[in-house]
Amino acid sequence: MPDRNDILDLYFMDARSKLIDIAAFLDRVDRHEGDTDFRHAAFLDAMEALKNPKGKSRAQAVLESLSDHTVEPIEAAGTKGAAGAYEG
Amino acid sequence: MGYIEPHAHMVSRTTDDYKAMAMAGCEIICEPAFWAGFDRSSPQGFYDYFRQLTEYEPARSAKFGIDHYCWLCINPKEAEDPGFAREVMAMIPDFLTAPTVLGIGEIGLNKNTKNELAIFEEHVALAQKYDLPILIHTPHLEDKLKGTKLIIDSLKNAGVDRGRVIIDHVEEHTAGLVLDEGFWAGMTLYPESKCTPARAIDMLETFGMENVWMNSACDWGISDPLAVPKCLQEMKRRQHNKATIEKVSYANPMAFLGQSKNFRPVES
């Protein structure tokens, strides 16, 4: 199996590119006018989960941060789609 | 090396896609019934769709040397209207005599509503009545975790044979929930959502190679009918050996699908 440096060889440049894309995305949001909706705050919260996964894998922590944690089925669907983050 | 595409919506794909999949080594395609990207105007629209799945697509696929099977249901996005959904479900038994129908799927939840859950439970009862395996769609994005938990609870209450149920579209926060309860898990390789090849392999390495398969779930949206062979190439880059790759891409789907009486295994 590959060692840690093998994994860096395989994925570092791709991950570096995605990391800079995230930074530029947040800069882009900041640079433009108007209020942001729940997705912006949820994204920032997910970045905190990434930094502090609290014993979970980082991917699991980020996914759970963006998830609906209620337990009961809802009365009716307001839309068919999903936003990518739970509005609350 | 041959592979099985266990979840693809070929009604939405071009003939060139069939050709490319055949060239990449695809031997078997399984097509669950799903949402067409718009709501059908009448239950009769599903009659035509079920004919397409059981008659037309197997013939189209055969032209490229690929066996085509299907799963039947009304998808969760159109299950929010229970009256409509039950009219569609009433048609399903007539199609179960078709020789390429594997079972009931892809049923599941979309927005985790009470109506979706009621129709899901009725589909599960239908599968139990006809002794069929079940393929389950889990919700998208922020709805996936809650929906997966609701689905697992419902399946446990119904007393299904967990080894004959595959819960699809798992990600890092749901794969363990599914596998720990004894169900099969499907990983969907999408360019933007669900998971990338690298993440799918991470999950294989984390949760193990048992009771899992990978699929492209290619449809009318942003998706890639060659996602599975591309992931197999990625497994080679990650130094997985041929036996492991063959297990995930061929032996595992063969084992699950072989539980359907209409599935006729082929030699690789």
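Colleague: What does B:Gly105 touch, leaving out residues up to four places away in sequence?

Modeller: In this predicted model, B:Gly105 touches B:Pro32, B:Trp71, B:Cys73, B:Ile134, B:Leu135 and B:Ile136. A contact here needs C-beta atoms within 7 Å. B:Gly105 itself has its place in strand 4 (residues 101–108) of chain B.

Colleague: How do you know whether B:Gly105 is buried or exposed?

Modeller: We count C-beta atoms. B:Gly105 has 28 other C-beta atoms within 10 Å, and a residue is buried at 20 or more. B:Gly105 is therefore called buried. Its C-alpha atom is also separated by 9.6 Å from that of B:Ile166, a residue 61 places apart from it along the chain.

Colleague: What kind of peptide bond joins B:Gly105 and B:Glu106?

Modeller: The bond is cis, with omega about -10°. B:Glu106, too, is found in strand 4 of chain B.

Colleague: What makes the phi of B:Asp131 worth a look?

Modeller: Phi of B:Asp131 is near 55°, a positive value in a residue other than glycine. B:Asp131 is found in the loop between helix 4 (114–129) and strand 5 of chain B. B:His169 is another residue of this kind: its phi is near 65°, again positive and again not in a glycine. The place of B:His169 is in the loop between strand 6 and helix 6 (175–180) of chain B.

Colleague: What is the strand order of the open sheet in chain B?

Modeller: The sheet has 8 strands in the order 1-2-3-4-5-6-7-8, with parallel pairing. Strand 1 (3–5) and strand 8 of chain B each have a single partner strand, so one side of each is left without a neighbour in the sheet, and these two stand at the edges. Neighbouring strands are turned by 25° against each other on average, direction ignored.

Colleague: How do you know that strand 1 of chain B and strand 2 of chain B pair?

Modeller: Pairing takes at least two bridges, and these strands share 3 bridges in the parallel sense, so they count as a pair. In strand 2 of chain B, B:Cys26 is the bridge partner of B:Tyr3. From strand 1 of chain B the chain passes through helix 1 (residues 15–23) of chain B to reach strand 2 of chain B, in a right-handed β-α-β crossover.

Colleague: What joins strand 2 of chain B to strand 3 (residues 67–72) of chain B?

Modeller: Strand 2 of chain B and strand 3 of chain B pair in the parallel sense over 5 bridges, and B:Cys30 stands opposite B:Tyr69. Here the chain crosses through helix 2 (residues 44–62) of chain B, and this crossover is right-handed as well. Strand 2 (residues 26–32) of chain B is mostly covered, with 6 of its 7 residues buried.

Colleague: How many bridges join strand 7 (residues 184–188) of chain B to strand 8 of chain B?

Modeller: There are 4 bridges, and the two strands run parallel. B:Met187 stands opposite B:Met214 there.

Colleague: What covers the buried residues of helix 8 of chain B?

Modeller: The cover includes strand 1, helix 7, strand 8 and helix 9 (242–257) of chain B. Among the buried residues of helix 8 (residues 227–237) are B:Cys231, B:Leu232 and B:Met235.

Colleague: How many residues does the contact take from chain A and from chain B?

Modeller: The contact takes 24 residues from chain A and 25 residues from chain B. On the side of chain A that touches chain B, helix 3 of chain A gives the largest share, 4 residues. By class, that side has 15 nonpolar, 5 polar and 4 charged residues.

Terms used: Residues numbered from 1 in each chain as written. Chains lettered and ligands numbered in written order. Predicted model: local features only at pLDDT ≥ 70, side-chain atom pairs only at ≥ 80, totals over all residues. Axes fitted to C-alpha atoms, helices over the stretch in contact; angles between N-to-C directions. Contact = placed C-beta atoms within 7 Å. Nonpolar A, V, L, I, M, F, W, Y, C, P; charged D, E, K, R; others polar. Buried ≥ 20, exposed ≤ 12 C-beta atoms within 10 Å, placed from the backbone. Right-handed = clockwise from strand over helix to strand, strands pointing away.
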